Amino acid sequence: MAISRDIAEKHGGSISVSSTVGMGSTFRVTLPSICDQGTAKTSSTELREILQ
């Protein structure tokens, strides 16, 4: 987990975790998405749809 956190932070991102007893844990890695004009290529909603 520490290695993953370091990689995310070096790329300007972060890692967070939420956990529910008996249900498991969810780890979220957030990284910036920048195109040539300096604006986001894909919104977080679009990414969730792509990854599902």
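The model is predicted, so local features are reported at pLDDT of at least 70 and side-chain atom pairs at pLDDT 80 or more, while totals for chains, interfaces and linings use all residues. Residues are numbered from 1 along each chain as its sequence is written, and side-chain values use heavy atoms, with hydrogens and water left out.

The protein chain has 2 helices and 2 strands; helices (H or I, at least four residues) and strands (E, at least two) are DSSP runs, numbered from the N terminus. Read from the N terminus on, the elements follow the order α-β-β-α. Of the 52 residues in the protein chain, 6% are buried. Here, buried means under 20% relative accessible area, exposed means over 50%, and partly exposed is in between (1.4 Å probe, protein chains only). Contact means heavy atoms within 4.5 Å. Among contacts between residues at least 6 apart in sequence, 3% join residues at least 24 apart.

The two strands come next. Strand S1 covers residues 14-20 and strand S2 covers residues 24-30, and they pair in the antiparallel sense over 7 bridges. Two strands count as paired if DSSP finds at least two bridges between them. Serine 16 has arginine 28 in S2 as its bridge partner, and serine 19 stands opposite serine 25 in S2. The hairpin of S1 and S2 has 3 residues between the strands, and glycine 22 takes a positive phi near 80° there.

Leaving aside residues up to four places away in sequence, serine 14 touches Ala8, Arg28, Val29 and Thr30. From serine 14 to serine 4, the C-alpha to C-alpha distance is 9.1 Å, with 10 residues of separation in sequence. Serine 18 also has its place in strand S1, and its relative accessibility of 45% is why serine 18 counts as partly exposed. With residues up to four places away again not counted, serine 18 touches Gly24, Ser25 and Thr26. Serine 18 and arginine 28 are 10 residues apart in sequence, and their C-alpha atoms are 8.5 Å apart in space.

Helix H1 spans residues 2-10 and includes glutamate 9. This glutamate 9 is partly exposed, because its relative accessibility is 47%. Glutamate 9 and leucine 31 are 22 residues apart in sequence, yet 8.5 Å apart in space from C-alpha to C-alpha.

What about charged partners? The structure holds 1 salt bridge, meaning a side-chain nitrogen of Lys or Arg within 4 Å of a carboxyl oxygen of Asp or Glu. In this salt bridge, the side chains of arginine 5 and aspartate 6 meet at 3.4 Å, N to O. Arginine 5 counts as partly exposed because its relative accessibility is 39%, and aspartate 6 is partly exposed because its relative accessible area is 34%.

Finally, the surface. The protein chain exposes about 4,700 Å², and carbon and sulfur atoms supply 54% of it. Accessible areas come from the Shrake-Rupley method with a 1.4 Å probe, and for residues only the protein chains shown count as cover. Met1, Val17 and Phe27 make a nonpolar surface patch of about 340 Å². Patches are made of residues with over 30% relative accessible area and no salt bridge, where like charges are joined within 9 Å and nonpolar side chains (Val, Leu, Ile, Met, Phe, Trp, Tyr) within 5 Å.
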